[in-house]
Amino acid sequence: MPRPAVVLLALLLVVVPALLWLAGNPYAARLAQLVLLTVILAVALNLLTGTAGMLALDTVVYFGFGAYAAALLSLNYGTSFLVELVLAGAAAALAGWCVGVALVRLASIFFAVATMGLAISFHATVLNWGELTRGPMGVRGIPGFRIGEWNLEGWAGTYYVTALVCLACVWVAHRLTHSFYGNAVRAAREDEEVARALGLAPRRLKAQVYAVHAAMMAVAGVLYAHSNRFIGPDNFVLLESALVLTAVVVGGLGSVAGAALGAAILVLVPEALRGVGHLRGLAFGAILFASILLLPRGLLSEVRTLAWMRRALAAGGWGRAGRRR
Amino acid sequence: MDAFILNQLAIGASVGMTYAVVAIGFTLIYRVLTAVNFAHGEVYTLGAFATLIGAATFKLPLWAVVPLVVATGALAGWGIERAAFRPFRRYADEASLKSRAVREATLLSSLALGIVAREALDIAFKGEWLAIPQDYLLNQPVRLGPVGVSSGELVIGGASLALLAALQWMLMRTRTGVAIRAVAANLVGAQLSGIDINRVVVAVFAVGSVLGALAGMVVSLAYGSVQSYMGLTVVIKAFVAMVIGGLTSLPGAVAAGVLIGVAESVAGIFVPSAWTEMVAYVLLIFTLLFMPRGLFRWGGA
């Protein structure tokens, strides 16, 4: 049996693009790219909310930060998206570290509300700081993906850029989750006192996870700005945070594969409902409610994924990750 | 002090009173269940919409709108408890009732219920700002010495004070109120003396939601318009008031609510009004970080 990693690479880099090419439908390609973008967000939030157990509603802050950074840098200074990925990712990691150090002291519900406040403040800032963000008009005419003279603006280029970044993020999340580091973070989630007694620094671990999650969200934001070509304050409202949270809860808190699955469901189901009218928000709410009530562990629960992953690692199925411990 | 600043203070205090009334719904629920009802803002919105429907569609007189709003609030509170909180209360002991898993599950379920309610209203009313009919509005100017306010702001202040007094009477003088205080003080002890926890929880949700709905009603009458997202910012400020007031203290929540309202309107003197939204969050973050037990209780967490 081939390694799961090989299957995943083949699926995302060969099978899906081939199907999209055969379908010849730009809408399907856009949808596939949107799924991959949401997978980045869900995997990042899953690190924070699932693995580290901090219920956050500030997805749009870092996502929006990345998107606005990309839009304004490329329009004002003509930077390449590669530079922006590095800059926005690093800046968000730094900001996330500072915010994280302060916020991880808050117990569950207070952390959730503080991040909700951050999300609403971010929206208000983007809306009102007109000189920088062009206010409610949004930023138009953002260039597509380009490396020097190499034009990646078509659907295939956009798809491959997103797929490669997405794979990189999933790989990082996988290595952080399925490792001793992941065990330490899970210990900090379950009981800070016990973790401290074991010689871990639970708050530092949580702040680190917060910083990593912020960087991933900002990276997704850069990709979003360049693929959507337009961003406005309405792209970064609290409901979008709730969307990503729903994806993580539906997929299974703490499970990387679950987060990816949840993201795919949460993008594709409302698309299927698009004909019925303006039901997107209602669908998210209903899915979240049904999921927390009927499937509180999600579709792929953390325990099952971890057990599966442990077997795969023991069998050496994940290559170096398995043998090196 | 000149009249302008006094005016701002009066407006801030009246807005703050609505935060206080909404915050009390939060605080009551937190005291009994240590859980937060994220659908509370939608109760406020529902109260405002009930006012709109009573006034614009059925053309009821104002005194008849009040029972409609009260009924809407009580029904909404009962529904939220039934749908988002009861399914997670599987065991009756204190450890599992107040466990982290239950708290986070109910946080998510009430958040989801809130989203469903908000989006359903948004679809039903097309997301527009809807006007309350002119003759119901409370916007006659009133002069109090150097201060000129509108009658709506006076009514908000007066109604909030009356509601707080009524609540205090209910908690102190009625059987239900005593049961609520008993459960809040000692859950196991209350159960042992024969108090039905489920009934008390329903009562708490109903009372808190009636207060929230009435706050939505007076605000919609004072400012004249209603929209499906109007509860969102109020509920967060009410939550901030609860935290600043020390989580379980009703007087603390009221004082903190007024403080936030006044701080916002004073900030409005110095910065553009769009930015005053942020005042509450700044207050929240500072309180959480430096005074985690609330402004009115000193010491560590």
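Guide: A residue is called buried at under 20% relative accessible area, exposed at over 50%, and partly exposed in between (1.4 Å probe, protein chains only). In this predicted model, both Arg189(A) and Glu302(A) are buried.

Visitor: What conventions apply to numbering and to the atoms considered?

Guide: Residues are numbered from 1 along each chain as its sequence is written, while chains are lettered from A and ligands numbered from 1 in the order in which they are written. The model is predicted, with local features needing pLDDT of at least 70 and side-chain atom pairs counting only at pLDDT 80 or more, whereas totals for chains, interfaces and linings use all residues; side-chain values use heavy atoms, leaving out hydrogens and water.

Visitor: How many helices and strands are there in chain A?

Guide: Helices (H or I, at least four residues) and strands (E, at least two) are DSSP runs numbered from the N terminus. Chain A has 15 helices and two strands.

Visitor: What radius of gyration does chain A have, and what would a compact globule have?

Guide: The radius is taken over C-alpha atoms, and the globule rule is 2.2 Å times the number of residues to the power 0.38. For 325 residues a compact globule would have a radius of gyration near 20 Å, and the 19 Å of chain A agrees with this. The C-alpha trace spans about 55 × 50 × 40 Å along its principal axes, and 55% of the 325 residues count as buried. Contacts (heavy atoms within 4.5 Å) can be read by sequence separation: among those in chain A between residues at least 6 apart in sequence, 80% join residues at least 24 apart.

Visitor: What share of the accessible surface of chain A belongs to carbon and sulfur atoms?

Guide: Accessible areas come from the Shrake-Rupley method with a 1.4 Å probe, and for residues only the protein chains shown count as cover. Chain A has an accessible surface of about 13900 Å², and 68% of that belongs to carbon and sulfur atoms.

Visitor: Which residues make the nonpolar surface patch?

Guide: Patches consist of residues with over 30% relative accessible area and no salt bridge; like charges are joined within 9 Å, and nonpolar side chains (Val, Leu, Ile, Met, Phe, Trp, Tyr) within 5 Å. Here Leu11(A), Val14(A), Val15(A), Leu19(A), Trp21(A), Leu22(A) and Trp155(A) make a nonpolar patch of about 760 Å². Helix 1 (residues 4-23) of chain A contributes the largest share, six residues. Leu19(A) is placed in helix 1 and is exposed because its relative accessible area is 52%.

Visitor: How many aromatic pairs does the structure hold?

Guide: A pair of aromatic rings is described by the distance of the centres and the angle of the planes. Rings of Phe, Tyr and Trp (its six-membered ring) pair if their centres lie within 6.5 Å; planes under 30 degrees apart count as stacked, over 60 as edge-to-face and the rest as tilted. The structure holds 13 such pairs over all chains. One of them, Tyr68(A) with Phe236(A), is tilted, at 5.8 Å centre to centre and 55° between the planes. Tyr68(A) lies in helix 3 (residues 59-77) and Phe236(A) in the loop between helix 10 and helix 11 (238-251) of chain A, so the pair ties together parts 168 residues apart in sequence.

Visitor: Is Phe236(A) buried or exposed?

Guide: Phe236(A) counts as buried, because its relative accessibility is 1%. Phe236(A) also forms an edge-to-face pair with Phe122(A), at 6.4 Å centre to centre and 85° between the planes. As Phe122(A) lies in helix 5 (residues 108-128) of chain A, this pair ties together parts 114 residues apart in sequence. Ring pairs link Phe63(A), Tyr68(A), Phe122(A), Tyr224(A) and Phe236(A) into a cluster.

Visitor: With which residue does Arg189(A) form a salt bridge?

Guide: Side chains of opposite charge can pair when their charged atoms come close. Arg189(A) forms one with Glu302(A), the closest N and O atoms being 3.2 Å apart. This pair links distant parts of the chain, with Arg189(A) in helix 8 (residues 180-190) and Glu302(A) in helix 14 (residues 302-314) of chain A, 113 residues apart. Arg189(A) also meets Glu190(A) in a salt bridge (3.1 Å, N to O); Glu190(A) counts as exposed, at 57% relative accessibility.

Visitor: Which side chain meets that of Glu81(B) in a salt bridge?

Guide: The partner is Arg89(B), at 2.8 Å, N to O. Glu81(B) is buried, with a relative accessible area of 0%, and Arg89(B) counts as buried at 13% relative accessibility. Elsewhere, salt bridges that share partners join Glu192(A), Glu193(A), Arg196(A), Arg203(A) and Lys206(A) into one network.

Terms used:
Salt bridge = Lys/Arg side-chain N within 4 Å of Asp/Glu carboxyl O.
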